[in-house]
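Subject: Structure handover

Dear colleague,

Please find the structure below, followed by notes on what was found in it.

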Amino acid sequence: MPIAMRLGPPAAIDQLVPFEEDPGRPGAGEVLVRMRGSSLNFHDYLVVTGRMPTAGGRIPLSDGAGEVVEVGALRGDEADPSMTFRVGEAVLGTFFRHWREGDPAQWKHGAVAGEHVDGYARQFAVVPVAALTRVPHGFSLAEAATLPCAGLVAWRALGCCGGIRPGDVVLVQGTGGVSVFALQFAKAMGATVVAISSSEGKLKRLRALGADHVIHYKAEPNWGRAARRWTGGRGVDHIVDVGGADFLNQSIEACRTGGSIALVGLLAGTAGRVDTGRIMAQQLRLQGVVVGSRTDQLEMIRAIESLGVRPVIDSSFQLQQLPAAFRHQEAGRHFGKIVVEI
Ligand SMILES: NC(=O)c1ccc[n+]([C@@H]2O[C@H](COP(=O)([O-])OP(=O)(O)OC[C@H]3O[C@@H](n4cnc5c(N)ncnc54)[C@H](OP(=O)(O)O)[C@@H]3O)[C@@H](O)[C@H]2O)c1
């Protein structure tokens, strides 16, 4: 019988345990996927530590890639070739199963794998074809599994929501999955990148990945002013902010008049004192960004193929080592993505 990893109850990293699961057969509009790779996101960490409550016994992990092993009955979406999968084809899950295309809406934010429905910490999964896309050409399935959450939010924070152009100065924060993708996308799109981190060793690695200027945000708490100074006083054009709360004030300080900030993370907390006066005076655009739609994922895949971006993989764990993978993430020493080979 195939293996899956189940979370508690209660939710805690130590409560992630393997169990034998009958994956079932695909119904109309579904396929059975032999999962091969997944990756860890901060969102998954919140789930497995109980800070994002889920139904007891949830199978975690929102990201997943694998191969189709059985195709269910046709349902009528088959006219869309991006939803027609053959046995043996490589597929990649989408973060929001209900957000296929268009603008965000509250109902489209439902059915997140690993949170509202069972996720991809398993060897087999029955998945609706509308919640799958192809994988980028030449990517391993573990590499592809780094994309649906961290890759897509970084892509949207720069692309459709950031509108960055070659020559723009982009600031990225930290060295987790989202920020390393943001650095890679921004460089590939012709931007100049300022990157900040809390570790000297990681700053060196950011430089090696193409960052044009780096700042240690613990040694330089007023890193916003330091970034502005580096641009000759003008400020950066666009920021991918993963800190939120009080951290956001430094982003406001760093940003040029008329610039933009994509708020994608809340590592520094969910509430804080934000300098609203400066947001107005500097005519900043502040845009919350949450992952993206299936159509956005297909656009990102095309862009990745043309830009030649490859994910930075920090480390790799086997499915049954999932608690160790989360402990590694919790320690915060990773650089880029932590993947799970299934
Ligand atoms: N909106 C969305 O759709 C979306 C999607 C994915 C993730 N997120 C959010 O984005 C954030 C990052 O996610 P991730 O998966 O990339 O996380 P991650 O891989 O765990 O990386 C977090 C990194 O951020 C840095 N960091 C830690 N504390 C920080 C703080 N207080 N302020 C700024 N940076 C800090 C650290 O880098 P250094 O060690 O280099 O300092 C750390 O390694 C999380 O808040 C997550 O929930 C949002």
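On one side of helix α5, Glu 200, Lys 204 and Ala 208 are exposed, where exposed means over 50% relative accessible area, buried under 20% and partly exposed in between (1.4 Å probe, protein chains only). Helices (H or I, at least four residues) and strands (E, at least two) are DSSP runs, numbered from the N terminus. This is a predicted model, in which local features need pLDDT of at least 70 and side-chain atom pairs count only at pLDDT 80 or more, while totals for chains, interfaces and linings use all residues. Residues are numbered from 1 along each chain as its sequence is written, and side-chain values use heavy atoms, with hydrogens and water left out.

The buried residues of α5, which spans residues 200–208, are Lys 202, Leu 203 and Leu 206. Seen down the axis of α5, these buried residues fall within an arc of 105°, so they line one face of the helix; the arc is that of the directions from the helix axis to the C-beta atoms. Their cover includes α4 (177–188), β9 (192–197) and β10 (213–216). At the N-terminal end, Ser 199 caps α5, with a side-chain oxygen 3.3 Å from the backbone nitrogen of Gly 201. After α5 comes Gly 210, whose phi is positive, near 120°.

Ligand

There are 24 residues around the ligand, and Thr 175, Ser 197, Ser 198, Tyr 217 and Val 291 come nearest. A residue counts as near if one of its heavy atoms lies within 4 Å of the molecule. As for polar contacts, the term covers a pair of N or O atoms within 3.5 Å; within protein, one must be able to donate a hydrogen and the other to accept it, and residues adjacent in sequence count only if both atoms are side-chain atoms. An oxygen atom of the ligand is 2.7 Å from an N or O atom in the side chain of Thr 175. A ligand oxygen is also 3.1 Å from a polar backbone atom of Leu 266, and a ligand nitrogen is 2.8 Å from a polar backbone atom of Val 289. The ligand taken alone exposes 920 Å², of which the protein buries 86%; these areas come from the Shrake-Rupley method with a 1.4 Å probe, and for residues only the protein chains shown count as cover.

Domains

An automatic or database domain assignment sets the bounds: domain 1 is 3–149 + 292–341 and domain 2 is 162–288. Their centres, taken over C-alpha atoms, are separated by 28 Å. Across the boundary, 16 residues of domain 1 are in contact with 14 residues of domain 2, contact meaning heavy atoms within 4.5 Å.

How accessible is Gln 297? This residue of helix α9 (residues 294–307) has 0% relative accessibility and counts as buried. The side chain of Gln 297 makes a polar contact with the side chain of Thr 133 (3.0 Å), and a polar atom of that Gln 297 side chain lies 3.2 Å from the backbone oxygen of Gly 93. Beyond neighbours within four places in sequence, the contacts of Gln 297 include Phe 95, Pro 148 and Leu 152.

Thr 133 is found in strand β7 (residues 132–133) and is buried as well, with a relative accessible area of 0%. With neighbours within four places in sequence left aside, residues in contact with Thr 133 include Phe 85, Leu 298 and Ile 301.

Helix α3 (residues 147–158) is mostly covered, 12 of its 12 residues being buried. Among them are Pro 148, Leu 152, Trp 155 and Arg 156.

Loops and backbone

- Two cis peptide bonds: Gly 8 to Pro 9, with omega about 0°, and Pro 9 to Pro 10, with omega near 0°.
- Ala 245 is not a glycine but has a positive phi of about 45°. Its place is the loop between β11 (236–241) and α7 (247–254), and at 9% relative accessibility Ala 245 counts as buried.
- Gln 283, also not a glycine, has a positive phi of about 50°. Gln 283 sits in the loop between α8 (276–281) and β13 (285–288) and is exposed, with a relative accessible area of 61%.

Regards
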